[in-house]
Each structure stands twice: as structure tokens, then as C-alpha cells.
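The following exercises ask the reader to derive structural relations from coordinates. Each task is followed by a solution in steps.

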Amino acid sequence: MDGHGIATRTRAPVFLALLAVLVTACGALTPGTAADPDRPRTVPSGTAVPQEDITLSLAFADAPALVDALAAAFHKRHPHVTIEPRYTQFADYVKSVKLTMASDTAPDLAQFAVGMDDIAARGDILDLGPYRDAYGWRKKFPAAALDQLTGSGERAAEGDHLYGVPAGLSMTGIYYNKELAREAGITRPPRTLAEFDRQLAAVKRAGMTPLSVGALDSGGLHLWAALLNNAMEPEKYRAWVKGAEGATIETEEALAATAKLVEWSRKGYVDEAAGGTTQNDSTGAFVRGRGVFLVNGNWAAGQLSEAMGKKAGFFLMPAAREGARAVSSGFSVSYAISSRTGHPRAAGAFLDFLASKEAQQIVAANGFLPADEEAVPTPQGVLGDVARAHRRVTDDDGMNHFPDFTAPGMLDPLRAGVQKLLAGRTTPKAYLASLQDVWDEQYGSGR
């Protein structure tokens with residue numbers, strides 16, 4: 001969303017792959033409704049769906065099958081409104097979305113991605129605050145999911161804005177092979193970080209690879225973020241991601257989390273080929289028994305359930321003490337409305353449709369966590385493990401942004417920095433300083 005997504009935040013390569021590429025012909029990327037010189041800056045408060053024939057273009061980069069299914073279901077409910085999906089690879093999408101949303105051919109709807117906070121501040125996507133109240137979205141969507149879509153900096157602090165609505169939700173954690181774990185004397189998921197340390201050591205002594213990590217794209221930063229989530233108070237971390245005045249990642253807690261990652265690498269707990277392994281390949285290796293624990297997100301649960309059945313389990317990175325707040329990294333496949341659309345009410349109706357039971361069943365069928373867990377049957381096996389973990393995080397208000405959402409230029413130093421940490425080519429202090437440099441460039445040093 002990966003899947004961050006953000007490699008991937010959605011099923012195979014979707015949620016986190018923000019690779020640096022050249023900007024391509026953006027004007028022709030996602031044609032939509034022609035520009036309106038009197039375009040609205042906020043949506044109308046009414047929710048009546050227009051009855052004339054309308055076509056809404058939707059620019060997106062994650063989960064084509066999901067988008068197609070949602071568009072078809074919405075059209076069946078509202079035959080006068082057609083959703084026209086326009087897919088772009090995630091890397092290209094992230095690099096071009098600022099120009100796309102500012103063009104006269106901006107799409108009516110667009111997937112929320114890194115950089116969209118800047119687009120919101122510029123006025124090129126609508127503030128959905130009035131729709132949140134009119135449709136009652138506070139009751140329909142988890143608070144944590146909406147909070148991630150309120151903008152950054154001063155806008156986030158104000159708390160009244162909303163720039164997107166979530167469809168499928170995502171979350172990262174640790175999968176484990178129950179059969180291999182038993183061979184190492186492990187009979188349950190760890191309850192504390194110290195217990196997980198002992199389990200990793202036991203796996204190493206048993207001659208197996210403890211952690212399967214795809215650090216070539218996103219798996220490494222997922223591992224670092226999982227440690228960080230439990231070391232740094234969520235409120236302080238979120239302030240950093242949102243660009244709050246005075247926020248910093250150069251804290252004692254972040255330093256300790258980063259040092260733990262380096263320690264695990266030095267002890268041989270992380271697959272020695274992690275720096276050259278993609279998240280997809282690390283998942284494939286885990287399925288084949290080449291690792292006891294796998295760092296990945298919910299988007300891998302369907303694949304692991306099918307391939308491993310009851311052998312696969314899932315748990316959240318444990319905290320220092322048992323019973324601590326459940327925390328994880330996650331985001332959603334979310335959609336915003338262009339301020340250039342000529343049909344804000346029809347677009348709003350589509351966003352509200354995402355909260356329906358029908359839409360949530362489509363979301364779950366495509367490998368995502370539904371916003372309304374009661375809308376779908378309780379899953380079994382590893383899928384049930386993921387669902388229960390997500391419920392714990394939601395109940396504890398412990399869902400954090402993926403770290404690359406801090407700034408459009410953050411992914412490369414995150415990904416490359418973790419690779420250097422695993423290889424012993426940088427220090428935790430230097431790594432955190434490199435991330436703060438990107439933050440300062442985005443939000444201003446000395447704020």
C-alpha cells in the first residue's frame with residue numbers, strides 16, 4: 001500500500017515499490033474530465049447521486065483486479081455512473097501523479113499515494129471533510145485509516161481535513177513455519193522481543209535460516225519499521241511522518257531499534273542474501289522451507305495459506321514487555337477526488353460505496369483486510385491469524401504509516417540504508433541522520 005503498496009502493499013508486487021524513474025508523458029497518462037475554471041475546493045454537502053449518464057475516470061497503480069471488481073459492482077448499483085479505470089505501474093504513478101493531478105486532463109478519481117499530501121495542499125484534490133460528515137464515514141471506516149488521510153504538517157494538526165477514503169487495508173508482520181519452528185523447539189509465537197531473540201538464536205543453532213527478508217525492495221524496511229514501531233511511541237513516530245514541527249527520527253528509541261536490526265544481521269539471523277533478494281523471492285523461499293520466519297504483509301497471506309495450509313502462522317513483532325500496545329505498519333488502497341472533476345457527487349457516491357458490505361466482500365476476496373470485519377466471514381488458518389492481529393492493532397490505535405510516506409524522496413534512503421545496515425556498510429546513527437536529512441528537505445530544518 002508494498003504494499004506500500006507500497007515492493008508491495010497489495011498482493012504480489014503492489015504496495016511499497018517507489019522506484020526512481022523518469023517522468024513520462026503525464027498529460028496522456030490518465031485522461032479525465034476537462035478542467036473547470038470554477039472547480040470546487042471542497043465537495044458539496046449533499047449526497048444525492050446524479051441520474052444523468054456520467055463517466056468517471058479513475059487513475060490507480062495497485063490491484064487492478066480489485067479496482068475492476070469495485071467499478072463493476074458500483075455500476076451495477078448505479079447504472080448511470082460508469083467508472084473507467086486507468087492503470088499505471090506504481091513507480092511511474094508516484095513519479096508523475098503531481099503533474100497528472102495538476103493537468104487539464106486530470107482524472108476524476110485517483111489512488112492516494114506518496115506525494116498526495118502536497119497535491120492536497122496545492123488544492124488539486126478535494127477536501128472530503130463535508131462528505132465524511134454527510135455520509136457518516138467516522139462510523140463506517142476505522143479511525144486510524146481516516147487519520148492517515150488528513151494531510152501533513154499544519155493540515156494534519158488541524159484535524160478537520162480528509163483527502164481520501166480507504167478501500168482495502170494492509171498491515172505488516174511476521175509469518176512463521178510451524179513445522180520448522182517445532183524442530184527448533186519453538187511451540188508458540190513470541191510474547192516479548194527478548195523471547196523472539198531467543199527463538200531466532202534457537203533456529204540458528206538448529207542450522208536453519210531464522211529470518212527470510214527481501215531487502216532488495218521493501219522487506220528490509222518492513223523489518224526495520226516493525227522494530228521501530230515498538231521502540232518509538234506511535235504519537236512521536238506519526239508526528240515525524242506527518243511533518244509536525246520539531247519532529248525527528250534521531251531519537252534514542254529509533255537508534256536502539258536500528259541497532260537491534262544490525263545485531264540480528266551480525267549474528268546471522270537474517271538471510272545473508274537479503275540485500276539482493278526481492279520480497280516476492282523471499283516469500284517463495286519461505287514457502288520452500290528456506291527460513292523459519294518471514295517479514296511481509298497481509299498481501300502475502302493468501303499465497304501462504306494456499307501453499308502451506310496449516311503450517312503457516314502469523315504474529316506481530318513483539319514489544320519489550322508482554323501485553324504492550326499492538327503496533328504495526330500499514331496503509332490502505334485509498335482514493336481521492338480531483339478538484340477538476342465535473343461530478344463530485346458521483347465521485348463521492350463511489351467513495352461511500354467502498355464502505356458497503358458488498359465492497360468489503362470484494363476487498364477481502366482480493367487479499368486485503370476489510371474496513372468492516374463483520375462484513376465478511378471469519379477467516380481460518382493464517383488468514384485468521386492476520387485478521388486477529390489487525391483487530392488488535394485497530395483496537396489499540398496502533399496502525400502507523402509506512403515510513404516512506406514521510407516524503408516523496410524517502411523510499412530510496414530507507415531501502416538503500418537498510419541494505420547498508422545489513423551489510424555493515426553504515427551505522428545506525430548515520431542511517432537515521434540520512435532519513436532526517438530527507439525530512440528536513442521536505443519540511444524545513446529548524447522548524
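**Exercise 1.** Determine which strands helix α9 lies across and at what angle α9 runs to β7.

*Solution.* Helix α9 covers residues 193–205 and lies across β5, β6, β7 and β8. Helices (H or I, at least four residues) and strands (E, at least two) are DSSP runs, numbered from the N terminus. The angle of α9 to β7 is about 125°; axes are lines fitted to C-alpha atoms, for helices over the stretch in contact, and angles run from 0 to 180 degrees between N-to-C directions. Helix α13 also packs on the sheet, where α13 touches β5, β6 and β7; contact means heavy atoms within 4.5 Å. The direction of α13 makes about 140° with that of β7.

The model is predicted: local features need pLDDT of at least 70 and side-chain atom pairs count only at pLDDT 80 or more, whereas totals for chains, interfaces and linings use all residues. Residues are numbered from 1 along each chain as its sequence is written, and side-chain values use heavy atoms, with hydrogens and water left out.

**Exercise 2.** State the strand order of the four-strand open sheet and identify its edge strands.

*Solution.* The order is β6-β7-β5-β8, with mixed pairing. Two strands pair if DSSP finds at least two bridges between them. The edges are β6 (211–212) and β8 (312–315), each of which pairs on one side only. Within the sheet, β5 (residues 172–177) and β7 (residues 293–297) run antiparallel and are joined by five bridges. One of the partners is F293 in β7, which is bridged to Y176.

**Exercise 3.** Locate G284 and decide whether G284 is buried or exposed.

*Solution.* G284 belongs to helix α13, residues 279–287. Its relative accessible area is 14%, so G284 is buried; buried means under 20% relative accessible area, exposed over 50%, partly exposed in between (1.4 Å probe, protein chains only). C-alpha to C-alpha, G284 and A307 are 9.7 Å apart in space and 23 residues apart in sequence.

**Exercise 4.** Describe the five-strand open sheet, and explain why one side of β2 and of β4 is left without a neighbour.

*Solution.* The strands follow the order β2-β1-β3-β10-β4, and the pairing is mixed. Strands β2 and β4 (165–169) stand at the edges with a single partner strand each, so one side of each has no neighbour in the sheet. Neighbouring strands are turned by 25° against each other on average, direction ignored.

Next, consider the pairs. Strands β1 (residues 54–60) and β2 (residues 81–87) run parallel and share seven bridges; A59 has R86 in β2 as its bridge partner. By contrast, β3 (residues 109–111) and β10 (residues 332–337) are antiparallel over three bridges, and A110 is bridged to A336 in β10. Helix α2 (residues 90–102) packs on this sheet, touching β1 and β3, and its direction makes about 140° with that of β3.

**Exercise 5.** Determine where Q148 is found, and which residues Q148 touches, not counting those up to four places away in sequence.

*Solution.* Q148 is in the loop between α6 (143–147) and α7 (153–158). Its relative accessibility is 5%, so Q148 counts as buried. The residues touched are K242, G330, F331, M399, N400 and H401, not counting residues up to four places away in sequence. For G330, the backbone oxygen lies 3.0 Å from a polar atom of the Q148 side chain.

Note on methods:
A polar contact is a pair of N or O atoms within 3.5 Å; within protein, one must be able to donate a hydrogen and the other to accept it, and residues adjacent in sequence count only if both atoms are side-chain atoms.
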